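This report describes a few places in one protein model. Look at the sequence and the structure, then read the sections in order.

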Amino acid sequence: MGIINKKNEFLVPPIYDYIKNFNDGDFDGSNYGRDLTVAFNHANVVPIYDLKTGNALKQGITYYAIYNIKTKKMLYDLDSKITNFVLYSDHITKKPVYFFEKNQKWGIMDNDGRIVASPEFDELKGFPLLVFNNDRDLILAKKGNKYGIIEFPNKEILSFDYDKIEGPYVDVKDFNHLFMVRKNGKAGVTEITNKKILDCKYQDINILNPGCFIVKNNNKKGIINNKGELILDIVYEDIPRNVSISEEGFFKEISVKSNGKWGLINSKQNFIVTAKYDEPISGFLFDFQENQYSDFTYVVKNKLKGVVDTSGLEIIEPKFGSVIHIKAQKTKYFQVSKNSYPSFSSNDSALMREGNILITDFKFHNFYFDQLGNIVACMYDSKFEYKSKCGLINQKGESILPIIFRDIKYDQNSGVYVTIDNDGKANNYKIDGSKFSD
């Protein structure tokens, strides 16, 4: 293979087995600003085998030639013994950066083909776009058996002291870069400035935010701040990675695993929900519509869902596949189903009130409260235009209007219920369910 220009003139002679162009377009350097392309030949591609033992005696080698399609110059021919060449990135410096391999070591080349970092690394790996800020181009590098981080072209940022580097965690507030590092089998945390946050003395670490970390020692977990102070004792079997905790270490409650079960503890590490459930508990989340914290949360036992209040009392026992809170006044109501994923056409949901009080049978697919505190109860029916028919019940489950209507709405101006039959006819009913007549 070779390369020709638009005049059908050879820029690269047709002597190569394969040519790769990083532009994904014409070979005139006009696309993406990537000026280098590679041509390579395979030497001894088919390994030579010892017929007696079946072992390969000689492995195939690929050599790369580097050509600048902008200057139309061959920068490195096959005699340069470059055995690998990859495009790293061009989203920060706005110019491409290339990694190349020679003599089983990796180096870095810029878009003009200049070697900006000699092939002295055993491994090079770029970080995701999220890492970069202020035009910094960071690269995970390995020398021997140790990892460090360099900044393009070859400035050491994180020393080559670590067996493994994981991350980064990027704080979007100030773009602080935190990495979980491992040394001699132990984990620690360091900043991109090489400042140690936590020494490498933990079994494992999860970074929650720049101020707090889940640490693990002796197979037990706790939470520690960036000063090394315990926020949560290292005595729990597990802590979810999505816990809500401030950089200062404040939390309202956290789900923890103890004796094989999940519970909920407060900031004093007292259990407010006993550890007897099978899945992490989300806690009493902030309700933005009500502008206050919720006073209930969901729990799971034996794969069935229930509800507990702030005292840990099961106001809905965990014996349902699905539990959905329905907005009401002071009393809490829930739509429950024995099916984990109730479908629109299943008609297997019931209405339940806190205290495990069943209001209706399991024959509905939806409920919602109206302005008066009554409940519109809906059932699937394929004969209706919207595949649903509805009626009206009170909070005791007593019928006000039968389940025969396509729609029911309360009109505040006239103080009556307006119903729509399946044929589109409208009727008015008083709030007690009696028909309204002019």
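## Terms and source

Helices (H or I, at least four residues) and strands (E, at least two) are DSSP runs, numbered from the N terminus. This is a predicted model, in which local features need pLDDT of at least 70 and side-chain atom pairs count only at pLDDT 80 or more, while totals for chains, interfaces and linings use all residues. Residues are numbered from 1 along each chain as its sequence is written, and side-chain values use heavy atoms, with hydrogens and water left out.

## N394 in its loop

N394 lies in the loop between strand 39 (388-393) and strand 40 (399-405). Its relative accessibility is 18%, so N394 counts as buried. Buried means under 20% relative accessible area, exposed means over 50%, and partly exposed is in between (1.4 Å probe, protein chains only).

The side chains of N394 and E398 are joined by a polar contact of 2.7 Å. A polar contact is a pair of N or O atoms within 3.5 Å; within protein, one must be able to donate a hydrogen and the other to accept it, and residues adjacent in sequence count only if both atoms are side-chain atoms. With neighbours within four places in sequence left aside, N394 is in contact (heavy atoms within 4.5 Å) with N374, I375 and I400.

Three strands form an open sheet in the order 25-26-27, with antiparallel pairing. Two strands pair if DSSP finds at least two bridges between them. Strand 25 (253-258) and strand 27 (271-277) are the edge strands, each pairing on one side only.

Strand 26 (residues 261-266) is joined to strand 27 by three bridges. I265 stands opposite F271 in strand 27.

## The largest nonpolar core

A nonpolar core is a set of buried Ala, Val, Leu, Ile, Met, Phe, Trp, Tyr and Cys residues joined through side-chain atoms within 4.5 Å. The largest one has 14 residues, and among those touching the most other members are L208, I223 and I254. Strand 22 (212-217), strand 24 (230-236) and strand 25 each give two or more residues to this core. Strand 24 gives the largest share, three residues.

## Cysteines

How many disulfides does a search of the whole structure find? The search finds zero. A disulfide is a pair of cysteine sulfur atoms within 2.5 Å. For C390, the closest cysteine sulfur is in C378, at 4.9 Å, which is too far for a bond. C390 counts as buried because its relative accessibility is 3%, whereas C200, at 25%, counts as partly exposed.
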